[in-house]
Amino acid sequence: MMSMTLSEKIIAKAAGKASVVPGEIVICAVDVAMMHDSSGPRRAGKYLDDLGVPIWDKDKLVVITDHYINDPDPGSVRTQEISHQWVADKGIENFYPEQGICHVILPEKGHIKPGLFCVGADSHSTTAGAFGAFMVGVGATEMTGVLATGEIWIRVPETLRVSVSGTLSSGVAAKDVILKLCGDIGVMGANYMAVEYGGDAVKAMSMDERMTLTNMAAELGAKTGIITPDWVTAETLAAYGADNVDVETWQGDDEAKVARTIDIDGAGLAPQVAAPSNPENAADVGISAGTAVGQAYLGACTGAKLDDLRMAAEIVKGRQKSKNTRFFVAPATHRIRDIAAKEGILKILEDAGAKILLTGCGGCIGLGEARLDDGMTGISSTNRNFVGRAGPASSKLYLGSAYSVAAAAITGQITDPRELLGELL
Amino acid sequence: MSNIQGNAHVYGDNIDTDQLAPIKSYMNMEPDVGCKLCLEPLDPDFAGAVKAGDIFVAGNNMGIGSSREQAPMFLKLLGIRAVLAKSFSRIFYRNTLNFGLPALVCPETDKITKGDVLSIDPLAGTVENLTTDETLACQPLPEHLLSMIADGGLLPHLEKRLKKST
């Protein structure tokens, strides 16, 4: 039997082949297709209806609304109406309206498990790889092809193996690991590749933290990010209600060939912050320290999971936000919001002056209350800081971990979060 | 599919989808209006300068960012008929081809300046710069995509395929 990486094994199974090699173009059968209110019913759904063909398997389709929700804008309201109507017309049962952000909802509702070949009409669909699935992002037209045929062509990607050694220091998180990678190899450093994360520091991470790594594989240009499933995966998925989770089968071969290996010293890693306006402008937080910020935003699929909120609470507990800085927190899903409320985390954040916003993509895509003002500089726990994304072209955005965002909210400027945790005293 | 001939609009590396399709350009706007905001954060004059048949030329990692396909849709609506780049971001690459708009990997885009007249054979993967009288090499499109491009994109291609099978 030929040695294969985990990605290659999943693609081979989906393509109905014994093995595949990088560079080969294969047709894969899709196990799960996900689309949201922006790419989904109003676009892919409409294109499918124009073609006049049915959905290949509606039980394999998941529709989630998260982009234009909780927004009075008439275009947004119309988009929600279209979503609800289309889903009702087609009789789609896997529909999660306004309950949270798609990449976090999808596993939370039990749709993702090791070995699945999945396609999502959103670039951060790579997130599901944290659970040992292979998931790629596509556009709405491509999704129409999947809806009609249940298949998609794919070029088997080379694998970039990232090994993070040691134990991350207090105040350092998965976000710092992925920003470090963005800084080191750049936003096309892994173009077309599968980024496979491993090493002791990754094995020690919660699923929330692992999802940050796979989510931002998109920022490396990768086709997907993936992490070998283990008991943490199995336990988390059991709690999410996924059935028949098979961790043992879905392991890559140690001797499988990879295109490149990168080692990151986890123990020596300092918090990272990406300066405007590209994630690859990442560097040690000290370089940007002292930059005044008008807004600190904890949000998005990348940076408002339960562990992100816990990290922020650790920093702000018993403190007050700077009077010069707006502080917004938009929990990634309702489940996360409810657990954070129960654990007292939301209260800690609110007592520090944070305003809790409704869930949704919101500030990450420049929508809602957390949209940056003209000329404003902000810091956020989101994934991209391109010009004009989170606010007008005149605004500037830094990216950092939940720790770094919370620290900036308190001091009103970019700050090494370890200073507030007493680590650097 | 015949040759594409038009003026080159030349930009650099990492042209991202937030610039090609700023959120306000598709939130509440029809595509024929929204496309006028294409590339506005980078070059507000771009949309007005494009004429039907023109060619978009970029450096590395063209179309980085979101999966929003308004990015290639707007280029096509403005009149762009082919996109050349040293390399593409993968979702943008697929989205562009799915619209029937040839996206060609051309390592030599540095040899093209704004306003040059180019003639492209998308199926053969060749680019002639008529202004400088140079021929530039491109990677030919993967074989399995040629028929889709010839059909005008994924949706017409699917229509043909699904009709044939019924």
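This is a predicted model: local features need pLDDT of at least 70, side-chain atom pairs count only at pLDDT 80 or more; totals for chains, interfaces and linings use all residues.

Colleague: Thanks! How many helices and strands does chain A have?

Modeller: Chain A has 16 helices and 18 strands. Its C-alpha atoms fill a box of roughly 55 × 55 × 40 Å along the principal axes.

Colleague: Which residues touch the most other members of the largest nonpolar core?

Modeller: That core has 193 residues, and A:I11, A:C118, A:A312 and B:C38 touch the most other members. Helix α15 of chain A, residues 402–411, gives the most to this core, with eight residues. In soluble globular proteins, nonpolar side chains tend to be buried together.

Colleague: What does B:C38 touch?

Modeller: Leaving out residues up to four places away in sequence, B:C38 touches B:L20, B:A21, B:F46, B:A47, B:F74, B:L75 and B:L78.

Colleague: Switching topic: in what order do the four strands of the open sheet in chain A run?

Modeller: The order is β10-β9-β8-β11 in chain A, with parallel pairing. β10 (224–227) and β11 (260–265) of chain A are at the edges; each has a single partner strand, so one side of each has no neighbour in the sheet. From one strand to the next, the twist averages 20 degrees.

Colleague: Which helix packs on that sheet?

Modeller: Helix α8 of chain A, residues 207–215, packs there and touches β9 (194–198) and β10 of chain A. The direction of α8 makes about 150 degrees with that of β10(A).

Colleague: How many bridges pair β8 with β11(A)?

Modeller: There are six bridges, in the parallel sense, between β8 of chain A (residues 159–165) and β11(A). In that region, A:S165 stands opposite A:D265 in β11(A).

Colleague: OK, now the two chains. How many residues of chain A are in contact with chain B?

Modeller: 36 residues of chain A are in contact with 31 residues of chain B. On the chain A side, α2 (40–51), α3 (74–90) and α5 (140–149) each supply at least two residues. α5(A) gives the most, with six residues. By class, that side of chain A has 17 nonpolar, 13 polar and six charged residues.

Colleague: Where is the cis peptide bond?

Modeller: A cis peptide bond joins A:P276 and A:S277, with omega about -5 degrees. A:S277 belongs to the loop between β12 (272–274) and β13 (282–284) of chain A.

Colleague: What about B:L39, is that residue buried or exposed?

Modeller: B:L39 is buried, with 23 other C-beta atoms within 10 Å. B:L39 is not a glycine, yet has a positive phi of about 70 degrees. You'll find B:L39 in the loop between α3 (31–34) and α4 (46–49) of chain B.

Colleague: And B:D133, buried or exposed?

Modeller: B:D133 is exposed, with 7 other C-beta atoms within 10 Å. B:D133 also has a positive phi, about 60 degrees, without being a glycine. The loop that holds B:D133 lies between β6 (126–129) and β7 (134–137) of chain B.

Key:
Residues are numbered from 1 along each chain as its sequence is written. Chains are lettered from A and ligands numbered from 1 in the order in which they are written. Two strands pair if DSSP finds at least two bridges between them. Axes are lines fitted to C-alpha atoms, for helices over the stretch in contact, and angles run from 0 to 180 degrees between N-to-C directions. Two residues are in contact if their C-beta atoms, placed from the backbone, lie within 7 Å. A residue is buried if 20 or more other C-beta atoms lie within 10 Å of its own, exposed if 12 or fewer, and partly exposed in between; C-beta atoms are placed from the backbone. Ala, Val, Leu, Ile, Met, Phe, Trp, Tyr, Cys and Pro count as nonpolar, Asp, Glu, Lys and Arg as charged, and the others, Gly among them, as polar. A nonpolar core is a set of buried Ala, Val, Leu, Ile, Met, Phe, Trp, Tyr and Cys residues joined through C-beta atoms within 7 Å.
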